[in-house]
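Q: I have a structure open and want to learn how to read it. Can we go through it feature by feature?

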Amino acid sequence: MTSAIISALTVLTKPLGEASVRDAQSSQQEALLAALQANRTLLLEQLQSEKRLEEVRRLREEAAAGAAWFSGDTEDAAWAFVQECLLLLLTLARHLSVQLELFNRTPAPSAAKLRTPEMAPPLPPDVLSVTQQKTLGAALQFVVSLGLCPYLAPGVGVALGRRSAFGAMVEGLVRGGAAPAAERRLLTTTNVLLQLAELSSLATLVFTRHLGDVMAALCQLGYRPHRAEGGGTRGEKELSTEERKTCREALKSLLGKVYQPIVIKELLILQGGPKQSGPAGSSGSRAALGSAPAWLRRLCGQLLSERLMQPNGVQAVVRAILEGGTGGESDWRKCDGVARILVACPQQSVSPDSYYRQVCPQILDLLHFKDKLTALQFQRVATRAALSVVEDKPQFAQQYLLAPLLAPLQRCATPSGEGNSQAAVEEWELTRCVEDVYKMWVVGNSPSAPLLKALEEVLPVIFTLFCFTKQNVSHLRAPCQEILLWYLGHTETSAALSALRQLSGLGGQMSGVPPDFHFTPGSDGGASLSPRDTLSDEDDAMYERLSGEQWRLECLVQLLAELKDSDLPGDFFLELLQELTSWAAAEEEEEDEPEVDVSAMTLLEVEQQLSGCAAGRCQRLALLQVLAAVCESLPHTLLLRKTTQVVDFMVSLLQRACVGLDQASGPSTGSPVESQTLSMGMGLVATLLSAPQLSTEDYTSMSRLLPPLETLSQKHPEAFVQELASGLRAVIATHGAYRPDDLTAAAAQRSRNPETTQNHSNVPSTKKQTQARLSQVSQASPHSSPQDTIANTRTHARIGHAEPAPGRGRSSGTSDSSPPARPFSDWLLEACDPDVPTRAVALRALTRMVREGDSDAVQAQEKVLMLFLENLEHDDSFVYLSAIQGLAVLADSYPERILQRLLGDFQHGPSLPTSDKERSLETRLKVGEVLMRASRAMGELAPHLGRPLVGVFLRGTRDSDQTVRASSLSNLGELCRRLDYALGPLAQELSSCLTALIKTEREVEVRRAAVHVIALLLRGLSDKATQVLGDVLLDLYRALKWVVRSDRDDVAVLHAQLALEELDDVMRRFIFPEQKLEKKIVVLP
């Protein structure tokens, strides 16, 4: 039966043949009209003549008898065609409803018996095939195009003429004919479509394509105001009040059933384009919709507001506007537009309070989507909407937006949980809160007073969480750091300094959470707040508290180090110095005050007095601790970025120097360190004043130095400081008009060690001068201080070659095995000869004598060491290679003394007064070669002598020069392969260093060296590797695999593959040991 009804619809909607079209080709409208009439006539004939359509004819007649709107003698061909379509659609709907009811009421027993678990359930009778759905879709399109859209008022819905050229032709056809009851026909079509929609299978076909048209018809039928349109038939055209009420209820029911984003899209389309010029962001498609009537715009606005204020209404509005976007520029503009819509309180709302109470939680929910594209768009909308609410309605934002968002962090500051097992704040709550704060504050990046104030209240908790994440691997570390940096970078300087004081512990309690609670690692990489276990031992509790405070201070300094483009670190440093100065003055005043008479006080007053003194001392200790951490960890380029900050620093320094001058009674007040610091500071002021161009602003900022300089020029006990302060004051006061000639030179001479100002002298070339130089060398001792060495030796320039060295590269006269037998003193003299071959032969001879233990060489080992170190800096490879060999022999003979000196030179550069500082790097690399040869020669003494070398080489891997880092790694590999079991305590530190260099080092040579060290370790330890490196073997294996997979350097990959082969051999021997046939004889007692 369903197929018969569908076939009747096919006859009614099939295209007209070419011959028939040619007969009515006068115009397109006439051709269409002819096709409609021909198809209707053909259908009626087939219904009367064909047997297979008898049941269809009967059902059609029943439907026609029950339809009051049906008129068989209408002269309007288009409406007659629509009537036939409506009758057949009603017939189909009633038939499917009956069949579906029977199917649900009485399932077939035979089918139930034969059904197996593998069989699919039987299809209900309302399931239509693709062809049948296509035929129904064509019929519905005819009904909507000919029986609904033409009768809509102008501006209601999208006109047919705007949809396609064919639609414009259809619109002209219907309007050209007589339409005596337009609203009545519109009501008829709409009611039939709604009746079809009561069946789910047909509702899908109706609403997927024609939802907007049905909504437009219901809006017009239910809400269009009455208007007299001429003629005396007004009463026949208008609808009754009951019919209009039914249409309103049908519209309300329809809006509640359909997917809300689709409803909102259709309502926006019905609302039409702007009546006047819209905002700059309005799209062309919206403007092309045309202007809707005023009553329809008001109605759509009211309906949209109702959609918005429903549960999940915000999400529905956002999805309706943003679904299908690509994330381009237009989508971002849409996001801003949606945010403005959400912020505006509609007129239909009971009160702004109720509106924001309902909408703000839904705005926060938009931040929690997981889909990437959807999350980005929703986050943009939520951020913009929230920021707009904060700016426009701060009272509602604080109550309904910021307070719920920051609630988990607020609970961390004041937890109420008393249980020992249950967390006060769960991991998911804290993670979501931190992520929301990051999205709202950092990503939104719209600093305002309410946002900064709200974040300031929970800043200690975020900092405490940041310190916790620095001790563990957590995904919350980066967002916490970005939030803290955002606040410090966008708040006012005074508020930022106050926050830093609070976080550093100078403003009271250091931690953001109560002492009885602490953060614990979460199962998903986050953190949760849990009660702290009480420590019974007071010493342990004190140690934990002090170590926690120290760690927080280190984290704060690391946070300040990230503010590279900000003046905040310098301002914080200067504020600490200013506070230190004020405390120094307060201490001077306290010393002058008479002691308090305790005998006249009560016990409570004495206790309060002592508590106040103790609290003051604690605050001063905390200040010194913070100041020391800042000075040690932050470079001066970050602390003093501007001239004004340098001036502030000098003001603080000079003010501290002025403290106590009034009470000074002797010429030697203050410590030498303070005097030297004052001299260096005044030298810095002189350097600033010696700049080629100083502006008026610079002199204005330096004018703050005038009062302390005047005090120093009048009251300081040292005459030199008085003169220097007076000269600096005169230059600043006159803005450089008066400038003493010797001001800068005097300051520089005062601020540096006088021994370092001696002039360099030339290297002697005669034998007499050589002997004099040798005597200077003999006076110098490696155990003397640098000042003594500088005082006893003079800085010399390198020896200039008067002629090329003809003996370079020849073997005659340079062999260690056959030097001529000569006294030791002669070899010492020739080791200082300008001639390269002579000097090299002498160095080889001295090396041989040291190796053989010559008595003269043993007694003069200090002179020999100095000669080797000086020749290490020679340009000729023949000379410095001989010196390297000699130093290696010396280190093998006298390791404890020589290695200490070589390690110092390798770490800090050459220590000789005659050393060329510009070539310090080259000398350090040569010393590294000496240390490598010494490591190879240690043998079984390597575990005893190699520990200091390992520390120096590990520090060398962090050197600023890549060649030193590579040299340190090479030496480390040669040494560690000989340490055997002594390497065990150093395994963790060594593994961390190597894996960090492999994954983070940019220079390819250093990465190669790091991988090569692992290969040398495995090769040297062999079967002992599983015992010595057992704890770090997995980390080293992962680092090697990472190199093979990710490193782009072929050489590093080759080294890693070789190391993996070594590790594979080691593990094979460990897992599958060699089978040995042994016989053990045990003697029982």
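Q: Is asparagine 312 buried or exposed?

A: Keep in mind that this is a predicted model. Exposed means over 50% relative accessible area. Asparagine 312 has 52% relative accessibility, so it counts as exposed. Asparagine 312 sits in the loop between helix 15 (294–308) and helix 16 (313–322). Its phi is near 60°, a positive value in a residue other than glycine.

Q: Where is asparagine 445, and what is its phi?

A: Asparagine 445 lies in the loop between helix 22 (427–443) and helix 23. Its phi is near 50°, again positive in a residue other than glycine. With a relative accessible area of 42%, asparagine 445 is partly exposed.

Q: How do I read an aromatic pair, such as tyrosine 355 and tyrosine 356?

A: Look at the ring centres and the angle between the planes. Planes over 60 degrees apart count as edge-to-face. The structure holds nine aromatic pairs. In the pair of tyrosine 355 and tyrosine 356, the centres are 5.2 Å apart and the planes are at 75°, so this pair is edge-to-face. Tyrosine 355 is buried at 1% relative accessibility, and tyrosine 356 is buried at 2%. Ring pairs also link Tyr355, Tyr356, Phe396 and Tyr400 into a cluster.

Q: What kind of pair do phenylalanine 468 and phenylalanine 519 form?

A: Their centres are 6.3 Å apart and their planes are at 40°, so the pair is tilted. Phenylalanine 468 lies in helix 23 (residues 449–470) and phenylalanine 519 in strand 1 (residues 517–521), so the pair ties together parts 51 residues apart in sequence. Both phenylalanines are buried.

Q: Which residues have the most contacts inside the largest nonpolar core?

A: A core is read as buried nonpolar residues joined through their side chains. The largest one has 205 residues, and Trp441, Leu455, Phe519 and Leu705 have the most contacts inside it. Helix 23 gives the largest share, 13 residues. Phenylalanine 519 touches residues including Leu430, Val461, Leu465 and Phe468. Another core, of 85 residues, lies apart from the largest one; among its residues are Trp827 and Leu1060.

Q: What span should helix 7 have?

A: Compare the expected span with the distance between the end C-alpha atoms. Helix 7 (residues 130–147) has 18 residues, so at 1.5 Å a residue it should span 26 Å. Its end C-alpha atoms are 25 Å apart, which agrees. Among the buried residues of helix 7 are Leu136, Leu140 and Val144.

Q: Where does the charged end of arginine 248 sit?

A: The charged end of arginine 248 sits over the ring of tyrosine 223, 5.2 Å from the ring centre.

Definitions and conventions: Residues numbered from 1 in each chain as written. Predicted model: local features only at pLDDT ≥ 70, side-chain atom pairs only at ≥ 80, totals over all residues. Heavy atoms only, no water. Phe/Tyr/Trp six-rings, centres within 6.5 Å; stacked < 30°, edge-to-face > 60°. Buried < 20%, exposed > 50% of the residue type's maximum accessible area, 1.4 Å probe, protein only. Helix = DSSP H or I, 4+ residues; strand = E, 2+ residues; numbered from the N terminus. Lys NZ or Arg CZ within 6 Å of the ring centre and 35° of its normal. Core = buried A, V, L, I, M, F, W, Y, C linked by side-chain atoms within 4.5 Å. Contact = heavy atoms within 4.5 Å. Expected span 1.5 Å × (residues − 1). Lists of a residue's contacts leave out its neighbours within four places in sequence.
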